[in-house]
Amino acid sequence: MVSYKELGLVNTRDMFAKAIRGGYAIPAFNFNNMEQLQAIIKAAADTKSPVILQVSKGARNYANPTLLRYMAQGAVEYAKELGWEHPQIVLHLDHGDSFELCKDCVDLGFSSVMIDGSALPYEENIALSKKVADYAHLYDVTVEAELGVLAGVEDEVQAEESHYTRPEEVIDFSRRTGCDSLAISIGTSHGAYKFKPEQCTRDPRTGRLVPPPLAFDVLDAIMEQLPGFPIVLHGSSSVPQEYVDMINQFGGKLPDAVGIPEDQLRKASKSAVCKINIDSDSRLAFTAAVRKVFAEKPGEFDPRKYCGPARDLMTELYKHKIINVLGSDNKA
Ligand SMILES: [Zn+2]
């Protein structure tokens, strides 16, 4: 048993309460490797933003659970070295799909876990989420649960169509599960292809796809049912067209990749939405930077020479999100 407190991590409780009061959202950035972790911590330390390091089941297997725990511990120490005196860093399991996986993460130093029972029938989702929350709370680990289904693909999680969260269920669900935050579905989606072209309109000037707006009426109805309760948005990458263009220019093939416009996320950040998940955007930045080096310097074979630029571009991306989209800078 390793407590997250020994690693210097924090849970999400105070962080979310402050974010709701302050009208901003905490960035939840996924990571799988050292360069991504360095970029996240550098961006958070430079902007003094609380941050959630998010790991999916697939990422955990990719990195190795033991190595990962020490990476998180190292991240806290690295943040201090960068001059961030009291780093506010959460290590969070993204899309836990079983009690056993969540328990394993609680036991190995995670400070927050998500149990995703959203694909289960309502009563089964409640039973599973409650079981996880009951266990996690013994160790002061916070729990995110989900109601409603997001479309798209993320690691093992995928769904054809989205189903908006039903506001009439949220009180019952949060009370009976004891969850600390609730992931909802209001039209965000996993992956770099969040919408099919037929769901979008096209900007006549640029020819680019314009996605349908988020269902802010559903969000409002949920907040009315659960005033002040922490709400989470998954699948909230914006799929910056400059990265898509760079990838396509240097030999990639990402036709019509489209995400959530940043102005909509900025609006959501000011509400009870206090955690916004961003993964695809950093994958795109990483890939764009690597492709550029490969195309321009075909003789290059030192991984530092292409992972370094990728790290720089991701750092820039994370800072942009923190300052211009979520508003979480200078909050830690
Ligand atoms: Zn997700």
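Predicted model: local features only at pLDDT ≥ 70, side-chain atom pairs only at ≥ 80, totals over all residues.
For α12 and α13 the angle is about 145°, and the axes lie 8 Å apart. On the side of α12, the residues that take part in the contact include Asp281, Ser282, Ala285, Phe286 and Val290, while α13 contributes Lys305, Tyr306, Pro309, Ala310, Leu313, Met314 and Leu317. Sorted by class, this contact between α12 and α13 has 13 nonpolar residues, one polar residue and two charged residues.

One residue of this contact can be followed in detail. Valine 290 lies in helix α12, and, leaving aside residues up to four places away in sequence, valine 290 touches Tyr306 and Ala310. The C-alpha atoms of valine 290 and arginine 311 are separated by 9.7 Å, although the two residues stand 21 residues apart along the chain. Is valine 290 buried, exposed or partly exposed? Because valine 290 has 18 C-beta neighbours inside 10 Å, it counts as partly exposed, since a residue is called buried if 20 or more other C-beta atoms lie within that distance.

The partner helix, α13, covers residues 303-326 and so has 24 residues. From its first C-alpha to its last, α13 reaches 32 Å, which is close to the 34 Å expected at 1.5 Å a residue. Just after α13, glycine 327 takes a positive phi of about 70°.

In α2, which spans residues 13-22, Met15, Phe16, Ala19 and Ile20 are buried. Seen down the axis of α2, these buried residues fall within an arc of 125°, and therefore they line one face of the helix. The face turned away from that buried side carries the exposed residues Asp14 and Arg21. The elements that cover the buried residues of α2 include the strands β1 (26-30), β3 (89-96), β8 (181-184) and β13 (273-278). Just after α2, glycine 23 takes a positive phi of about 70°.

Aspartate 140, in the loop between α7 and β5 (142-147), has a phi near 60°, and because it has 14 C-beta neighbours inside 10 Å, aspartate 140 counts as partly exposed. Aspartate 256, in the loop between α10 (241-249) and α11, has a positive phi of about 55°, and aspartate 256 is likewise partly exposed, with 15 other C-beta atoms within 10 Å.

The last stop is helix α7 (residues 122-138), where glutamate 123 lies. Why does glutamate 123 count as exposed? Glutamate 123 is exposed because its C-beta has 9 other C-beta atoms within 10 Å, and a residue is called exposed if that number is 12 or fewer. The C-alpha atoms of glutamate 123 and phenylalanine 173 are separated by 9.0 Å, while the two residues are 50 residues apart along the chain.

How values were computed
Residues numbered from 1 in each chain as written. Helix = DSSP H or I, 4+ residues; strand = E, 2+ residues; numbered from the N terminus. Arc of directions from axis to C-beta. Contact = placed C-beta atoms within 7 Å. Expected span 1.5 Å × (residues − 1). Axes fitted to C-alpha atoms, helices over the stretch in contact; angles between N-to-C directions. Nonpolar A, V, L, I, M, F, W, Y, C, P; charged D, E, K, R; others polar.
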